[in-house]
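Hi everyone, thanks for coming along. Please have a look at the screen.

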Amino acid sequence: MPDLKHLLIEDRGAVRILTLNRPDKHNALNTQLTRELLDSLRAADRDPAIHAVVLTGAGKSFCAGADTKEFSALTPEDPHAVSSRADLTTALHLVFSQMNKPVISAVRGNALGGGAGLAIACDLCVMSETVRFGYPELKHGIVAAVVMANLVRQVGRKQAFELVALGEPLDGAGAQAAGLCNRVAPDDIVLDTALELAHRIAAWSPIAMATTKRSFHRAADLGLAQALEVGRDANVMMRGFRKAADHAGKEQ
């Protein structure tokens, strides 16, 4: 495993656990952690031994969003640094939909701003009953910017705008009612619940899962006719895989 400063990596069978590890900062996303997480997600996707990923946070929180101290140090006088940091954040929130491997977030404590965006960027999400999930950026005079792209695609427009406009946090039940998580669990078994889902998913054919995920994300933002074409192409491809597998089995 690489020597990382702010991210812990643990493999349990075919499931890789990535743990944000700045507990004293509620796992706020500074440049170092953001880069380590992006690189580690890409590495997990390339690793043939890994079939699913669980993302969680050390300590009391999942992720409290961007590191405001570092963020405030970025000034218009250094436009390259500002642009590079924005590019890095955008790449992180995009990578989940680009991966073949499913990623499940296990979310406790605070999941705010960029942390809320990170939680729902994952393919599946398990939240604790007492989670504080929300987008409080306007309370601090800033904008819930990059994170809006995933939010508006996962809930209705009115619900999404209320979350960013009022900045009021949701608990686990509220997040599930809004369609922002798949399971709600007591705080002490959130990670175990996410791992149970991950191991179930990791047992499927990696090729079938990768095709499912690619087809899902392609179809999600298309019109009906184009989305059906995506399904049609996946159908033909998987029939070819099944035929090849059956032929190989008969030869053994």
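Let's start with Arg 12, which counts as partly exposed because its relative accessibility is 35%. Keep in mind that we are looking at a predicted model. Which residue does Arg 12 pair with in a salt bridge? The partner is Glu 10, and the closest N and O atoms of the two lie 2.9 Å apart. Glu 10 is partly exposed too, with a relative accessibility of 37%.

Why would such pairs form at all? Side chains with opposite charges can pair when their charged atoms come close.

Next, Arg 16. Is Arg 16 buried or exposed? Its relative accessibility is 7%, and buried means under 20%, so Arg 16 counts as buried. Arg 16 makes a salt bridge with Asp 11, with 2.7 Å between the closest N and O atoms. Asp 11, for its part, is partly exposed at 34%.

Now please find Asp 123 and Lys 213, whose side chains meet in a salt bridge of 2.7 Å, N to O. This pair links distant parts of the chain, 90 residues apart: Asp 123 sits in the loop between helix H4 and strand S6, while Lys 213 belongs to helix H9. Asp 123 is partly exposed, at 28% relative accessibility, whereas Lys 213 is buried, at 6%.

There is also a network to point out: Asp 11, Arg 16 and Asp 47 are joined by salt bridges that share partners.

And how many salt bridges does the structure hold? There are seven. Thanks, everyone!

Methods: Residues numbered from 1 in each chain as written. Predicted model: local features only at pLDDT ≥ 70, side-chain atom pairs only at ≥ 80, totals over all residues. Heavy atoms only, no water. Salt bridge = Lys/Arg side-chain N within 4 Å of Asp/Glu carboxyl O. Buried < 20%, exposed > 50% of the residue type's maximum accessible area, 1.4 Å probe, protein only. Helix = DSSP H or I, 4+ residues; strand = E, 2+ residues; numbered from the N terminus.
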